[in-house]
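Open the model in your viewer and get ready to select a few pieces one after another. We will begin with the sheet, then move to the helices and end at a loop.

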Amino acid sequence: MFDPRDERDRDRSPEMSVAVAIVVYADRPSTRHGLARSLRGAPGIGRVECAATAEELVRGYLRSPADVVLVAVRPGEPAGPAAAATLLSIVPDASVIMFGSSDTAPSAIVPGIGGFLRKYDGLFPEPVLAQPDAERPRLSERELQILWGMAQGKRNIQIGADLALSEDSVKTHCKRIFRKLGVHDRAEAVAIGFRAGFLS
């Protein structure tokens, strides 16, 4: 079952009620607990839970769905991709992001995942800290709203519906966000967003 040590206090102030809920899957305890500790240092992070097996991941997600599921990938170990595939076969709309070293990226290709994060993208093992204002890229209010939608795992059409924008307009804003943050996809944008303190 989910380790209660890996879950934040659920009693939150009203302004934190929309914080992002995250589930971390990793078969190694040091990876699970290390990443959980790092995420708890980031603005905008709410509930953080951990799972050590595919069964725990699915059971915990069905009991309490998360905005983002982070799945660890290790060289030569199929457990991470298999766990992600199992969850996505049951919950196709789950927002799953794989993470690991660069050489594990090819084995992390699972149909339906939202992206791949390298360990040094700001999530593990160092705590995620906000960048000083002088170093942060500047995003418009609309771009911040769209970035928040990305962090919640919403598709472009869902973000557009929330903000009364066309899907094409959302795509255009996404491209601008990627360019400003110096990233290539949603997963990297969300990681940078947490690290820079935009998602709070």
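Two strands count as a pair if DSSP finds at least two bridges between them. Helices (H or I, at least four residues) and strands (E, at least two) are DSSP runs, numbered from the N terminus. This is a predicted model, in which local features need pLDDT of at least 70, side-chain atom pairs count only at pLDDT 80 or more, and totals for chains, interfaces and linings use all residues. Residues are numbered from 1 along each chain as its sequence is written, and side-chain values use heavy atoms, leaving out hydrogens and water.

**The sheet.** Select the 5 strands of the open sheet: they pair in parallel, in the order β2-β1-β3-β4-β5. Which strands stand at the edges? They are β2 (45-51) and β5 (115-118); each has a single partner strand, so one side of each lacks a neighbour in the sheet. From one strand to the next, the twist averages 25 degrees (angles run from 0 to 180 degrees between N-to-C directions, with axes as lines fitted to C-alpha atoms, for helices over the stretch in contact).

Now zoom in on β1 (residues 20-25), which is joined to the parallel β2 by 5 bridges. Pick Val-24 and look for its bridge partner in β2, Cys-50.

**The helices.** Next, show α2 (residues 54-63), which lies across β1, β2 and β3 (68-72); contact means heavy atoms within 4.5 Å. Helix α2 runs at about 165 degrees to β1.

**The loop.** Finish at Ala-164, in the loop between α5 (156-163) and α6 (167-181). Its phi is near 60 degrees, a positive value in a residue other than glycine. Most residues other than glycine have a negative phi. Is Ala-164 buried or exposed? Ala-164 is exposed, with a relative accessible area of 74% (buried means under 20%, exposed over 50%, partly exposed in between, with a 1.4 Å probe and protein chains only).
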